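Here is a short briefing on one protein model and its ligand. Please keep the sequence and the structure in view as you read.

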Amino acid sequence: MKNLIPDFADHLKTAGIAFDTRNVTPYASDASFLTMGKPGLIIFPNDEAQVLEVVGYASRNGIALTPRAKGSGTAGASIAPEGGVIVITDRLGVVNPFGRRLGLPTPRFYTAAGTEILRDALDSHRNDEVYARVGAGLSTEELDRILLPLGWQCAVVPSSGWSTIAGNFATNAGGNGTPKYGTFQNVVSYLKMVVSRPGGAEVVTVTDRDTIRDLAGGQGLYGIITELDVRIAPRLSKQELHSSFCSCLIDDVETLGEVVGAFMVEMEKVTRPIIAEFMMADKRLFKPGDKLLTHPEIGPLFDYPEGSYKFIMMYQGRRDEMAELASVANRFPKVTFQETGTETFKILLDLRKAATGKSPGRVAIPGFEDIYVQDPRDLGRVLKAIYSITEGSLPGRPIGHQYTGGLVIHYRPLASLNRAEYKLAWELTQRLCAEVCTERYNTVKRREHGLGLELYALSSPAERARLKALKARFDPVGIFQPHLMSESPDIRFVGDKLYA
Ligand SMILES: Cc1cc2nc3c(=O)[nH]c(=O)nc-3n(C[C@H](O)[C@H](O)[C@H](O)COP(=O)(O)OP(=O)(O)OC[C@H]3O[C@@H](n4cnc5c(N)ncnc54)[C@H](O)[C@@H]3O)c2cc1C
């Protein structure tokens with residue numbers, strides 16, 4: 001078959017659109033550590049007009065495109081098949097015409113109904129749903145920096161604050177704010193997208209909330225998002241904020257999970273946290289002599305007897321909406337409640353973020369990500385299964401988010417930088433998936449980060465029909481991510497090369 005890349009590259013050169021055909025190795029994988037081989041062409045459009053040009057050419061010539069922003073997704077959704085074309089979207093709306101990221105853009109603000117709110121009038125909308133219109137390439141961390149002087153913040157921020165807002169929508173990400181506001185499908189009210197049309201491309205806008213919810217988690221299947229409205233929330237003062245942590249120490253991990261699960265069910269009935277995160281306490285997070293171990297509130301959390309298990313939950317929310325937490329904890333003799341200041345809470349939250357992958361000198365191997373435990377009362381069984389597979393093997397610890405109506409668990413084995421440990425870590429994640437991602441545990445795989453390469457393979461017949469209908473509407477030419485619509489996706493661990 002004719003290699004279409006050289007002609008595409010010539011076209012891009014003539015159109016003045018940046019691209020690379022040589023330095024492609026960094027794009028062969030993403031935070032999933034999966035690969036389908038090296039792509040053949042990476043395109044870096046600066047704005048919507050350039051995206052239109054790229055999609056129009058691909059549409060006329062039947063060339064498949066994979067949108068990719070920061071590549072922080074953990075399901076392989078931003079990698080292309082060997083020799084394929086990747087379109088980088090993290091410049092959209094955040095660079096000047098020369099592709100330079102200069103300062104932070106000034107967003108416009110809108111109500112849920114799409115009426116513009118002037119910047120100076122924002123504060124009179126503290127009790128309303130307010131949205132910021134942002135370029136696809138802006139991250140939640142950047143938007144938070146823009147909003148800080150205005151007294152506002154992003155409603156939902158994943159632990160990967162550097163990932164783009166369009167990428168978060170395309171994976172239906174969750175994070176801080178999700179217990180109160182939902183995942184990204186619930187916090188976007190307007191989308192602008194470049195889609196394929198027979199013989200070319202078109203810019204479409206979507207404002208219908210049902211369609212937006214349907215498109216969330218689309219993983220680049222329907223087109224390239226260039227702009228979107230994302231919900232923001234008033235920043236609460238220290239006085240308005242309740243911050244606390246609860247912990248539970250038991251020497252049997254299954255009982256521990258049962259107690260914590262029952263506690264979560266009860267606290268959800270009477271509180272409304274904005275942030276609800278958890279981690280298993282693990283001393284291997286620290287280097288010897290780490291000063292956090294002597295922190296008066298944090299140090300004692302990690303000082304517990306060998307052979308027992310400790311679960312730490314972190315909660316933050318509006319003081320009036322969290323008032324009942326202490327009394328719920330009091331009803332559970334094994335659960336300790338401690339209110340804390342915002343500074344200590346932030347340290348603890350950073351520690352929880354780092355716990356995803358931190359262990360000095362080791363690398364966290366993804367693969368057992370985003371396991372949605374639909375009923376917290378199943379936490380005991382799930383923890384027992386995780387520990388019976390991983391204990392005595394590589395370091396690692398379950399961490400996650402407590403969302404309303406379920407929890408999301410991640411466990412990444414931590415491998416030293418050598419072939420044997422990479423292999424062992426990957427095998428552990430596969431064993432964990434085979435055991436825990438089953439009906440027996442009442443879990444759902446990757447509801448939060450998207451199914452990535454397994455999107456079609458793991459979807460029900462009804463879900464497949466929904467995907468196809470959206471494809472026909474937004475990508476009738478079928479150029480966006482066609483490999484995701486496969487019953488038998490090509491899934492390879494990038495580390496295979498290391499231990500082959
Ligand atoms: C340490 C770490 C912590 C994480 N924490 C969380 C967390 O707390 N919660 C959570 O939900 N996820 C989390 N993730 C996963 C990840 O950050 C999210 O999936 C993120 O939303 C992806 O954003 P991105 O900009 O990196 O997109 P990419 O990974 O580059 O792309 C992800 C998908 O979005 C599509 N896409 C990207 N941009 C566009 C666009 N403009 N138009 C159309 N499609 C597009 C791509 O095609 C791909 O399918 C974490 C990941 C890591 C590595």
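How many bridges join strand β3 to strand β5, and do the two run parallel or antiparallel? Three bridges join β3 (residues 41-44) to β5 (residues 85-88), and the two strands run parallel. Keep in mind that this is a predicted model.

**The four-stranded sheet**
- The sheet is open, and its strand order is β1-β3-β5-β4. Its pairing is mixed.
- β1 (18-20) and β4 are the edge strands, and each of them pairs on one side only.
- From one strand to the next, the twist averages 25 degrees.

**The eight-stranded sheet**
- This open sheet runs in the order β16-β13-β15-β14-β19-β20-β18-β22. Here the pairing is antiparallel.
- The edges are β16 (335-340) and β22 (443-445), each pairing on one side only.
- Neighbouring strands are turned by 20 degrees against each other on average, direction ignored.
- β18 (residues 371-373) and β20 (residues 406-410) pair over three bridges, in the antiparallel sense.
- V373 has L407 as its bridge partner in β20.
- Helix α7 (residues 253-270) packs on the sheet. The strands it touches are β13 (241-250), β15 (309-318), β16 and β19 (399-403). The direction of α7 makes about 150 degrees with that of β13.

**Two domains**
- The domain assignment gives domain 1 as 108-234. Domain 2 is made of two segments, 241-340 and 371-445.
- The centres of the two domains, taken over C-alpha atoms, are 30 Å apart.
- Six residues from domain 1 and nine residues from domain 2 take part in the contact.
- On the domain 1 side, the touching residues are one nonpolar, four polar and one charged.

**The ligand shell**
- There are 35 residues around the ligand. G73, A77, G167, A173 and G220 come nearest.
- Sorted by class, the shell has eleven nonpolar, 20 polar and four charged residues.
- β4 (65-68), α4 (165-170) and β12 (224-234) each supply at least two shell residues.
- The largest share, four residues, comes from α4.

**Two residues with positive phi**
- N172 is not a glycine, yet it has a positive phi of about 50 degrees. N172 is found in the loop between α4 and α5 (178-181).
- Is N172 buried or exposed? N172 counts as buried because it has 23 C-beta neighbours inside 10 Å, and the cut-off for buried is 20 or more.
- Q219 also has a positive phi, of about 55 degrees, although it is not a glycine. Q219 is found in the loop between α6 (209-215) and β12.
- Q219 has 25 other C-beta atoms within 10 Å, so it is buried too.

How values were computed:
Residues numbered from 1 in each chain as written. Predicted model: local features only at pLDDT ≥ 70, side-chain atom pairs only at ≥ 80, totals over all residues. Near = placed C-beta within 6 Å. Nonpolar A, V, L, I, M, F, W, Y, C, P; charged D, E, K, R; others polar. Pairing = 2+ DSSP bridges. Axes fitted to C-alpha atoms, helices over the stretch in contact; angles between N-to-C directions. Contact = placed C-beta atoms within 7 Å. Domains from an automatic or database assignment. Buried ≥ 20, exposed ≤ 12 C-beta atoms within 10 Å, placed from the backbone.
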